[in-house]
Amino acid sequence: MENQLTSKIGDEWVTVHKDMSKDGMKVSFQNNRVCTLAKDQYTATDYDNFLAMSIAVRDRIVERWILTQELYHKKNLKRVYYLSLEFLIGRLMGNNMINLGLMEDSEKAMQEMGIELEKVREQEVDAGLGNGGLGRLAACFLDSMATLGIPAHGYGIRYDYGIFQQKIVNGYQVELPDEWLRLGNPWEFSRPEYTFKIKFYGVVHMHYDQNGQLCVYWDDTEDVLAVPYDIPIPGYGNDVVNTLRLWSARSTDEFEFDYFNDGDYEQAVYNKVLSENISKVLYPNDNLSQGKELRLKQEYFFTAASIADIMRRFKTENFEMNSLPEKIAIQLNDTHPALAIPELMRILVDDEKLEWEKAWGLTVRCFAYTNHTVMPEALENWRVALLGKLLPRHLQIIFEINSRFLREVANKFPGDNARLARMSIISEGDTQKVRMASLSIVGSHSVNGVSELHSELLKTQLFKDFYEFSPEKFNNKTNGITQRRWLLKSNTGLSDLITSVIGDKWITNMYELEKLLAFTTDASFKNKWREVKLENKKSLAGYIYQQMGIKINPDSLFDVQIKRMHEYKRQVLFALYIIAEYLKIKRDFNSVTVPRTFIFGGKAAPGYYMAKLIIKFINNIAEVINKDKAIRGKLKVIFLENYRVSLAERIFPASDLSEQISTAGTEASGTGCMKFMVNGALTIGTLDGANIEIIREAGKENAFIFGLKTEQIQQLKNQGYNPYMFIEESKTLKEIITLIQSNFFSPIKPGLFEPIVQNLLNSDPYCVLADFDSYCKAQDAVSSVYQNVDLWTEKSIINVAKSGKFSSDRTIQEYAKNIWDITSVDNNSVDNNSVGNNNDSC
């Protein structure tokens, strides 16, 4: 029989039953394999072994999960509800083992049975429920909220197909469906008892009852069922387990008997298929009207289900609607969940019969909005006609919100009609549209950016009018990453080395890493630091050879740009530099002193022509350089296909140089830069997004900065930017453009890359040519420093030591204190010094 153990959750000691020892894990694994999977050691596949171990870990999470939720209910604690259309959670086994303290004993248990734990962990499929940074940030935040003991729930969509699988075929991106649920998901629990009916379309009827109360009915709707699936999110070392609830769409009817009886089987299940499309695929291609409608359906589907669930939970413990903001804090991760604002108003006004002013006051106090873009063209807008057809009552509510808001604006700025037009939630013109960012700002008590620069640009440019109207709403919360995944789990060699000299408090308080500064002159420590990096590079080199058949030199400088493919991220600038280095070697082999391996990774949106062409451009450059024997392997170019969380965990620990080269003023924050930094890579970058804060923390002497600043970019464009001027002034640029146009990189298909060239020559919207020479000079400085092994190592150590600010724990502490007004389960206020002081209660 497995032992009973005691565990502290919050300020209460409770009994848990699952043995956390090596022998306990071994017994659970064997029982699961036989009793749950009906397999033995001879018939079990590697995936069976993964399932058996997952269930063993899950059982130990579940006990703590139930106890945590009981504690939240018992104390009627205020809770955070984090609404995000994306959660890029990746693989969970390793993270869950680490947070429960099971990794070492599980590894020993598997060894005794002749099974390699790492091989078992590799069987897990990445849960790719996001496109990139937005979803990964949400996943890091969940980990931090649980580790800090903050009562929280994440809400999103359980997509049947996550972000597409990327294959590189003849240099082109080819998209394949991501069937991440094909073999099931051992970490989730279906909760059909909490299913909600979600309405679409229909008509709205209004009348006043005998007491003069307005009654609203939304009838003749097409309904879809939202079925919840829960994934437990354990905190590190504190036995707190929060919940990620994902909604899956189901039809209200399996099939229609009339069609079935007539033999029309396709029509009989048509509505079922149509309804369940809502949660079928992550972000449908919205080039067609059907795609746009499906995207809007996704947004309302998950927000309506989440608000219904939040209200259900609130009503189990509370009776007065006035206490709603004291028990509920709803964070909107970008504008995708913005329809939650009119949805809560609909419930309070139509169902709960609150007066408008009272309902609106409660709603604003519940909601907070995080913006994730600085580019006006990226802000989400929905056609009034479409929203009105799909959600007629919500459009009425939005118009009423707008009318009342504009009255307030007019009172504060009398006669300023231009301001009224700019601030209206409804944009006028040929096609009326609902501005979702404006709705989010008006309906929230807090609006935050995700880096200092981004937040300043929101106040001075993007939302200047709103800031002047209500400056108290606006604040900054610089993004962060969880060190438990991106250092402790991903880079065990470096984690062990760090812990051996400063202890393990950094795992829950990343500011502790600053103690590493004492070792920057320690020769023995620096040698060990370099050995760890070299081993990580050998590991990645082995993976690249296994996947691509290309041998790379682990002693070369690993120069890495891994992120979503987009013109503003300027993968083209990186590619042009590679061509420049290639031409330099061809002229004089000895002119390039540092061998480099250039590594790319990232997916382009299926409908984004230019981004997909850039992938082909990079791969054709790689084809030429990697096969040119004359350069003797001094340069190698690698494009790693299907970039994802588990692949990122291989790349960051092996990287020497972090390419953060977006045009100044275009990147809201970026978190890849932080993952590179905490793994000891040095940054080459512009003064954009979080780069500015990274440079401030590490010191500008420990990074390589180049390029025009945000205000200089704006000034250049205001003066009439002429890309040709920079080509005329740069002999290297002229040579590169000529080489591309001569079809050197596309001999089989002449003119293939002419769209890239013409884009640069005619408009260069992201100032690639303007920054090129400055970028090359910064890269020369990189080569110079890299040759001084001792100096490079010191700078690497300093970067890790000064990365403490960029923990998502710090970010969440700021949200909790300044926006959510919430405390951790031990009833201690959450502040910057609370993390890591008490591993029992966190």
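This briefing looks at a pair of packed helices and at some aromatic rings. The structure is a predicted model, in which local features need pLDDT of at least 70 and side-chain atom pairs count only at pLDDT 80 or more, while totals for chains, interfaces and linings use all residues. Residues are numbered from 1 along each chain as its sequence is written, and side-chain values use heavy atoms, with hydrogens and water left out.

**Helix packing**

- Two packed helices are described by the angle between their axes and the distance between the axes.
- Helix α30 (residues 731-741) packs against helix α31 (residues 754-762) at an angle of about 145°, and their axes are 9 Å apart; angles run from 0 to 180 degrees between N-to-C directions, and axes are lines fitted to C-alpha atoms, for helices over the stretch in contact.
- Ile737, Ile740 and Gln741 of α30 make the contact with Glu754, Val757, Gln758, Leu760 and Leu761 of α31, where contact means heavy atoms within 4.5 Å.

**Aromatic pairs**

- The whole structure holds 29 aromatic pairs, that is, rings of Phe, Tyr and Trp (its six-membered ring) with centres within 6.5 Å, called stacked if the planes are under 30 degrees apart, edge-to-face if over 60 and tilted otherwise.
- The ring centres of Trp65 and Phe189 lie 5.4 Å apart with the planes at 55°, so this pair is tilted, and it links helix α2 (residues 46-75) to strand β9 (residues 189-190), 124 residues apart.
- Trp65 has 5% relative accessibility and therefore counts as buried, a word for under 20% relative accessible area, with exposed meaning over 50% and partly exposed in between (1.4 Å probe, protein chains only).

How values were computed: Helix = DSSP H or I, 4+ residues; strand = E, 2+ residues; numbered from the N terminus.
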